[in-house]
Amino acid sequence: MSLRRALFVAAVVAACGPSPKAADPSTKVKAKNLEASGLELQMACMPTGPELCFNAIDDNCNGVIDEGCGVGTGVLQFTVAWGDSPADVDLVVTDPNGGRVYEGNRNAPSGLRLDKDCPGDDGCHGQNIENVFLDGLDPPKGKYQVEVRLTELRGADVPVKVRLGARVGSRTFGAELLLKGSDDKKSFSFEL
Ligand SMILES: [Ca+2]
Ligand SMILES: [Ca+2]
């Protein structure tokens, strides 16, 4: 190929480039075989207005929980919120490779990350939230387990009301949990 022809081909390729309308990667990620233990997942999203922070609810039903609130999101996101209760509630997410993300291990090789741990030094300010999201676009296939645990009561009134929100692909769902004492836990699992 002559230099001139090569330059022409390169220019055409550059002009065509990757399509600006690249498919939204979240539409390829879909949960199946959802199973809940001790909680009832609400699958429908009811838009109630603009997104509110730190409530673990996708208030504007755009498929993202608490966006614009300084928490990470991705094709997978799991969030718990429990207001100003002094209780220590923990979110534990296990991926299909056995990677476990929680306050004692904030990162898994799959890309799961815990980016907020409350109450504690993460700037909770009476708005307790824990958030786990997938850093990356290609979550490993297989079974995921999401557990919410009341680790320590710390003088809190019982039951401790916890809102759980989950994003899997372009869908969000959630549940209201009532945790009744230390070590009370609720969980759900799904497969990709
Ligand atoms: Ca939202
Ligand atoms: Ca929200």
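**Burial, pairing and backbone geometry in a predicted model**

Visitor: Why is S26 called partly exposed in this predicted model?

Guide: S26 has 19 other C-beta atoms within 10 Å. A residue is buried at 20 or more and exposed at 12 or fewer, so S26, with 19, is partly exposed. S26 lies in the loop between α1 (3-16) and β1 (32-37), and touches G63, V75, G169 and S170, not counting residues up to four places away in sequence.

Visitor: What makes F54 buried?

Guide: F54 has 23 other C-beta atoms within 10 Å. The cut-off for burial is 20 or more, so F54 is buried. F54 is placed in the loop between β1 and β2, and its phi is positive, near 60°.

Visitor: Why is D183 called exposed?

Guide: The count for D183 is 11 other C-beta atoms within 10 Å. Exposed means 12 or fewer, and D183 is therefore exposed. D183 sits in the loop between β9 and β10 (185-191), with phi near 80°, again a positive value in a residue other than glycine. Most residues other than glycine have a negative phi.

Visitor: How do you know that β2 and β6 pair?

Guide: Pairing requires at least two bridges. Strand β2 (residues 76-81) and strand β6 (residues 129-134) are joined by 5 bridges, so they pair, and they run antiparallel. F78 stands opposite V132 in β6.

Note on methods: Residues numbered from 1 in each chain as written. Chains lettered and ligands numbered in written order. Predicted model: local features only at pLDDT ≥ 70, side-chain atom pairs only at ≥ 80, totals over all residues. Helix = DSSP H or I, 4+ residues; strand = E, 2+ residues; numbered from the N terminus. Contact = placed C-beta atoms within 7 Å.
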